[in-house]
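User: I would like a close look at one part of this structure, the chain and how it is put together. Please keep to plain terms.

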Amino acid sequence: MGESVFCDEELKQRALKASEQTNDPIEKLRYHCLARGVAGIKGLGRVFRIMDDSGNKLLDLDEFTKALRDFGLKLSDEDVKAAFNRIDKDSTGTIDFDEFLIALRPPMSNARVKLIEAAFAKLDRTGDGKVTSEDLMSAYDVSKNKFYLSGQKTKEQIFNSFLNNFEIGGHVDGTVTKEEFFNYYAGLSASIDSDAYFDLMTRNCWKL
């Protein structure tokens with residue numbers, strides 16, 4: 001989605017300013033992620049997945065802290081611990097990182113959520129919650145992309161730029177999960193005020 005390039009800078013500036021104005025640990029972490037651009041929250045999710053050697057989707061405080069540091073988020077130890085404790089409500093000493101990422105997503109209207117669900121459902125032909133890069137490529141429409149229309153970029157270049165949003169830290173597995181898809185669009189949604197524009201851009205992209 002080439003248009004997200006233009007949303008990124010505005011989102012980064014908004015998020016940096018907002019991060020300085022809140023004392024809520026979850027909001028502060030959310031804004032620090034969004035200050036990395038529309039793919040910030042999704043990128044953090046990919047770092048969590050890479051660290052999850054056991055596959056149980058649980059992180060303790062040390063692992064959680066390391067993930068944030070590895071992703072380059074500069075929060076104080078106090079803010080990191082406060083965010084962790086907000087999610088670890090039953091004080092087990094671990095958090096489910098899928099639940100954490102859902103809590104971290106910026107609020108979205110029901111209309112936007114349903115639109116993202118429709119886009120992913122179209123791509124997820126097997127219904128297993130994952131789509132391959134080939135599935136994405138077959139459905140990805142660049143015909144209204146301004147870089148494509150101007151001849152500045154080919155379809156392959158635009159698509160690869162989009163796909164790179166899902167490959168963090170050199171970890172390339174050729175698949176995009178539903179969580180990653182939603183986390184990406186949550187970041188993109190935060191950068192677009194107009195529901196009508198978000199709807200139009202998403203429908204054009206995935207031919208909905």
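What percentage of the contacts in the chain with a separation of 6 or more is between residues 24 or more positions apart?

Analyst: The share is 69%, where residues 24 or more positions apart are set against the contacts with a separation of 6 or more; contact means heavy atoms within 4.5 Å. The model is predicted, so local features need pLDDT of at least 70 and side-chain atom pairs count only at pLDDT 80 or more, while totals for chains, interfaces and linings use all residues. Residues are numbered from 1 along each chain as its sequence is written, and side-chain values use heavy atoms, with hydrogens and water left out.

The chain holds 12 helices and four strands, which are DSSP runs (helices: H or I, at least four residues; strands: E, at least two), numbered from the N terminus. With a radius of gyration of 17 Å, close to the 17 Å from the globule rule for 208 residues, the chain is as compact as a globular protein of that length. That radius is taken over C-alpha atoms, and the rule is 2.2 Å times the number of residues to the power 0.38. Of the 208 residues, 47% are buried, meaning under 20% relative accessible area (1.4 Å probe, protein chains only).

Two domains divide the chain: domain 1 (8-104) and domain 2 (110-206), with bounds from an automatic or database domain assignment. Their contact takes 16 residues from domain 1 and 17 residues from domain 2. The centres of domain 1 and domain 2, taken over C-alpha atoms, are 22 Å apart.

Note on methods:
Buried < 20%, exposed > 50% of the residue type's maximum accessible area, 1.4 Å probe, protein only.
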